[in-house]
Amino acid sequence: MTQSPQKNLWQDQWYPVAYLRDLNPKKPTRFHLLAEPLVLWFDRHEGLWKAFSDRCPHRLASLSEGRINANGELECPYHGWSFNGSGNCVNLPQSSSKLPSSVRANCREFATATGQGLLFVFSGDSNQAANQTIPLVPVLDEPDWFLQDTFRDLPYDSITLLENVLDVSHVPFTHHATVGKRTNAGPVELEVLEEGAQGFVGLWQEGPRQGRLGAQHTTFQAPALMWHDLTAKGFARILTVVYATPTTAGNCRLFARFPFKFDKPITAKLLGLRPIWLQHIGNNLVLEDDQIFLHHQERSFNAAGGSSALAKACYLPTSADKYVIAFHRWINSYAGLPFPDTDLAAELSRDALLDRYNSHTKSCASCSSALKRLEFLDSISPLLAISLIVAAFGSQTFVLRGSLLLLAIIIFGIGQQLKRWIKLLRIGDGLPPRNQA
């Protein structure tokens, strides 16, 4: 018999909120964690990233819309109140007397930590942060990993994301022609080896691609971290790591990490030549394989009773669903929901579900920089092509004229590719490759 959770295990936890490489130490950044608006900023005096409630204690203005002033303090955009790294008000321009002694003048500070290239924030009382372990993947502290990372703000919650990535049997169908292939589908015999309040460990003995890659081990570390681990003999040890950080009801931020330990080092060197932003375009394509129907599925599942009604709402006759069942057993027995008694917002439009700019690009250092460069090149490429055509018709020799025209055609072709990349950094096309192949 399933017992009722004694407490909500989503609360009072460490969660990743950003890759360190994507944060600008000169500007504050806004982030929602379990519906709490935060401002992330770098305190140069302590050399640490800080997280405060994104509400100025004076009039509740968003501190993330302010700046880090010349003194290295976080300055409110509304009236210029400034705060040090401990959250204390250190400048109140409207007062000629000494600073207020009341704690009401201070910002609420959240505990922060860094590890494996991520910034983590503790969602509860900072005094309790030391009692919780930061959720890192232990093997990633070993040397010689080639790591590919991405993130995206998803229009469904952490439960839907974790359920999806724990479901190994959807890959050949949902991701056909991206990272899967229908012909690789077959019976999936999963085993749950251990489970409890801290999550569960599972084994797929045959593994993906009908056993051609070897056995796959899966770890779900409660409440929001999961990874698959397999060793493809003669190629690499491969991990798929997913953090599902709950932001607001019906939304989460995905942090996906793809570590490889290749048998041949040259493979990592070749993969390292691809720009991060180009890799992220590919990652977003894969995420959009299931983004639309997961957004809809979440609402259908909730209407059918949600996690507590899993067996009634869904027909789960095969071993392929054992991880999903174990995950919901953890929710019902130990964890509860990240946003209990909160209704989901109305369904988003198709364009909103495919929005890459607001869900990824603007917050990604690589993609936002690439977009600016590509848009600049796109703006000058037509002028350059026209100038070459004009010069060609003014040339006196056939060879020079032909060379200039050829170069103009090449630049025109480059311009078309620039436009495609610009669009792909802004929005998906909503045409999953599985439905075109």
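The model is predicted, and a search of the whole structure finds zero disulfides.

**Cysteines**

- A disulfide is a covalent bond between the sulfur atoms of two cysteines.
- A pair of cysteine sulfur atoms has to lie within 2.5 Å to be counted as a disulfide.
- The sulfur of Cys-76 has its closest cysteine sulfur in Cys-56, at 3.8 Å, so the two are too far apart for a bond.
- Cys-76 counts as buried because its relative accessibility is 4%, and the limit for buried is under 20%.
- Cys-314 has a relative accessibility of 29% and therefore counts as partly exposed.

**Asn-8, ahead of β1**

- Asn-8 sits in the segment before β1, a strand that covers residues 14-19.
- Between Asn-8 and Asn-251 the C-alpha to C-alpha distance is 18 Å, with a separation of 243 residues in sequence.

**The sheet with β1**

- β1 belongs to an open sheet of three strands, in the order β1-β11-β10, and the pairing is antiparallel.
- The edges are taken by β1 and β10 (residues 112-115); each has a single partner strand, so one side of each has no neighbour in the sheet.
- On average, neighbouring strands in this sheet are turned by 35 degrees against each other, with direction ignored.
- Strand β11 (residues 118-122) runs antiparallel to β1 and is joined to it by five bridges.
- Across this pairing, Trp-14 stands opposite Phe-122 of β11.

- Nine of the nine residues of α1 are buried, so the helix is largely enclosed by the rest of the structure.
- The N-terminal end of α1 is capped by Asp-157, which has a side-chain oxygen 3.1 Å from the backbone nitrogen of Ile-159.
- Helix α1 (residues 158-166) and helix α5 (residues 291-303) have axes that come within 10 Å and cross at roughly 120 degrees.
- This crossing of α1 and α5 is right-handed.
- Where the two helices meet, α1 contributes Thr-160, Glu-163 and Asn-164, and α5 contributes Leu-294, Gln-297 and Glu-298.

**Thr-361, between α8 and α9**

- The loop that holds Thr-361 runs between α8 (residues 350-353) and α9 (residues 365-393).
- Thr-361 counts as buried because its relative accessibility is 1%.
- The side chain of Thr-361 reaches the backbone oxygen of Leu-425 at 2.6 Å.
- Apart from neighbours within four places in sequence, Thr-361 is in contact with Leu-425, Arg-356, Cys-367, Ser-368 and Leu-371.

Notes. Residues are numbered from 1 along each chain as its sequence is written. This is a predicted model: local features need pLDDT of at least 70, side-chain atom pairs count only at pLDDT 80 or more; totals for chains, interfaces and linings use all residues. Side-chain values use heavy atoms; hydrogens and water are left out. Buried means under 20% relative accessible area, exposed over 50%, partly exposed in between (1.4 Å probe, protein chains only). Helices (H or I, at least four residues) and strands (E, at least two) are DSSP runs, numbered from the N terminus. Two strands pair if DSSP finds at least two bridges between them. Axes are lines fitted to C-alpha atoms, for helices over the stretch in contact, and angles run from 0 to 180 degrees between N-to-C directions. A crossing is left-handed if the near helix is turned anticlockwise from the far one by less than a right angle, and right-handed if clockwise. Contact means heavy atoms within 4.5 Å. A polar contact is a pair of N or O atoms within 3.5 Å; within protein, one must be able to donate a hydrogen and the other to accept it, and residues adjacent in sequence count only if both atoms are side-chain atoms.
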